[in-house]
Amino acid sequence: MRKRTRLIILLAVLLFCGYFLIGFCNRDVQLVTGLGDMPLKVTVKADNTEQCVYPWHDEERDIYYFFLPSFVNDSKIFLDEIGKSGIEIDNHLYKWGSSFEWEAGEVYSFKESKSDVRYRVCFMKSENLPAFFVNTDSGSMEYLRSNKDNEESGKLTVITEDGNVGYNGRLDKISGRGNSTWGQDKKPYSIKLPVAYSLCNMDAGEKWNLLAMCFESDKIHSKLVYDMAGELQMDYAIQSTWVDLYCNGEYSGLYLLTEAVTVGEGRVEIHELTEKDDDISGGYFLEKEMIDPENAISPFISTEYAMFTVHSPKLISEEQQEYISGYMRWIERMIVSGDPEYRDCIDVKSFADHLVLENIALDDDGMVISTFFYKNKGNDKLFLGPVWDYDRSMGEGYQKEYESPVFMVGMQEWYQPLYEDDYFRKVVMSEYQNLRPYLQYVLDEQIDQYADEIRASVAMDRMIESAHKDSEMKDYDVAIENLKDYLAGRLEYLDELWGSTP
C-alpha cells in the first residue's frame, strides 16, 4: 500500500512538473506568419499578449524587412493563415501549421503557391532591449505625424527582452515633441499614462519621452550625459534606457526612453502651487528660452539678460507671476554684481555641476534653451536642473574643438561673474575631479559596453534612417570611435583646466 501511495505521489509530481514545463515552454515567443491585407505580417507572442509586426519595405532593393523584438528567442516561424495550398519559401512548399527556420540577414523568396507574386523577405532581430508596442485608437500615425500638437489615445504594451510584460494597458496620450528634431522623418514623442507607473525599472511617473536621437550617429551620448548627472548626484537626474518602438505594428526604430522633465512625484518634487495658496514663495519650475517675447510660450517672465517660460504653476496668478519675476531679477542682480551673498541664494552645487556637464558635452543649446530652474516653497534658494537635451553635443554639434574655452554662450552674463568668483570656481573644479574617475571608466569601458548593448537595434534603425538621408551614413564603429576620440580630447583639455587641486 505504501509503495502504491508513493508511486501515485511520484506520478502526480511528474505530471505537475510536466505541466509546469509545458506551460513554461508555451510562454516562449511564437511567430505566426500570414498573407492578408498587408503583403506579409507576423505575430509575436509573449505571456498573454500578442502583437502584430508588419515589415518595412526597402523600395530601392524591393526587400521586406521584419525587424523583430529582442524577446523573440527562437528562429522558428509557425505558419498560419497562409491558405490551404500553403506558401513557397525559396521554392520549398510549406503547409498550414508547419514551421520555417530563418537566419538573420538572409533574403528569402516568399510566394503564395497559387500566385505568381513573390516577396523578397529578410529577418533581423534586436538584442538586449525592451519592446514598446504603441497602438493608437485610430490605428494610424498619420494624424500624429502631421502636427506636433496633435495627440491620440491608445494602448501601450511593454515587453522586456526576457519576454515579460512590464506594462499592458491604456495610453492616455501620445503626441509629438521637440523642435528641430520634430522636423526629421523619425519623430520624437511624449506619452502619458493614466496613472504613475514604473517603466523599464525606472522611477514611476505618468509622463515619459521617447527621443528619436536623430542627430546622434553614436546613439549613445545623450544617455552618457544623463548618466554623468546621476554620478554627480544631481537632484532629479534624468533616468533613461533604450527601447525598440513599434507603432501600430510598424517598427519605428531605436529610441531613448526617458523620464519627462516635469513637476510631480518621481520627477521634480516641488510644491505644486495653486491660485488659492497664501504662501506664493513656491514652487516654480522655469525653462530658459531665447529672448524672443513675440514667440515666447506663455506665461513667461524676463530679467535683463534672460527669459523664462513658467511651466509650473500651470495656472499662474498675476501676483505669483510678479513674485517669481522679481525673485529672478533679484538673483540675477546679485550674480551679475559679484555680490558674495549669491552663495546663500542659489544652490551652488547644481550650478557648478551644470557648468561641468556643459563643458564636457559642448552642447550647442547649452545655457541657451532647455535649461531648467526650480524654486520650492519656503526655500529662498534657486536650483538648476534637471539637465536636459544633449543630442547636438559630444562632438556632433557645432562645437567640435577639444580646446574650446569654458563654455558660456547662453548665460554668459550669469556664468562669467560666477566663474570669476574663486569660491564658485573651486566648487566647479572639485565636482569635476570627483567625476573624473567615472569619466575614465566611460571612456575605457562604458561606451563600448553601450555600443554592444544596442548594436543589433542600431543596425535595424540605421537601415530605415539611411532610406531618408541624401548623404551616406558613416559606419557605426566609426561613429563610436569618433565619440571616444572627442571625449578623450576634451578630458585632456579639462584636466589642464580643472585637474589641479582647487
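**Close-up 1. Where H5 meets H8 in this predicted model.** Leu 355, Val 356, Asn 359, Ile 360 and Ala 361 are the H5 residues here, and they touch Tyr 486, Leu 487, Arg 490, Leu 494 and Trp 498 of H8. Sorted by class, that contact comes to eight nonpolar residues, one polar and one charged. As for the geometry, H5 covers residues 348–361 and H8 covers 476–498, and their axes sit 9 Å apart at an angle of about 135°. Angles over 145 degrees would count as roughly antiparallel, so this pair goes down as oblique.

**Close-up 2. A cis bond between two glycines, Gly 282 and Gly 283.** Omega is near 0° for this peptide bond. Look for Gly 283 in the loop that links strand E18 (250–259) to strand E19 (284–289).

**Close-up 3. Another cis bond, this one from Gly 385 to Pro 386.** Here omega is near -5°. Pro 386 belongs to the loop running between strand E23 (383–384) and helix H6 (412–420).

**Close-up 4. Met 213, a non-glycine residue with a positive phi.** Most residues other than glycine have a negative phi, but Met 213 comes in at about 55°. You'll find Met 213 in the loop between strand E16 (205–211) and helix H3 (221–231). Is Met 213 buried or exposed? Its relative accessibility is 5%, so it counts as buried.

**Close-up 5. Asn 248, also a non-glycine with a positive phi.** The phi of Asn 248 is about 50°. This residue sits in the loop from strand E17 (240–247) to E18. With a relative accessible area of 14%, Asn 248 is buried, since the cut-off is under 20%.

Notes:
Residues are numbered from 1 along each chain as its sequence is written. This is a predicted model: local features need pLDDT of at least 70, side-chain atom pairs count only at pLDDT 80 or more; totals for chains, interfaces and linings use all residues. Side-chain values use heavy atoms; hydrogens and water are left out. Axes are lines fitted to C-alpha atoms, for helices over the stretch in contact, and angles run from 0 to 180 degrees between N-to-C directions. Helices (H or I, at least four residues) and strands (E, at least two) are DSSP runs, numbered from the N terminus. Angles under 35 degrees count as roughly parallel, over 145 as roughly antiparallel, 65 to 115 as roughly perpendicular and the rest as oblique. Contact means heavy atoms within 4.5 Å. Ala, Val, Leu, Ile, Met, Phe, Trp, Tyr, Cys and Pro count as nonpolar, Asp, Glu, Lys and Arg as charged, and the others, Gly among them, as polar. Buried means under 20% relative accessible area, exposed over 50%, partly exposed in between (1.4 Å probe, protein chains only).
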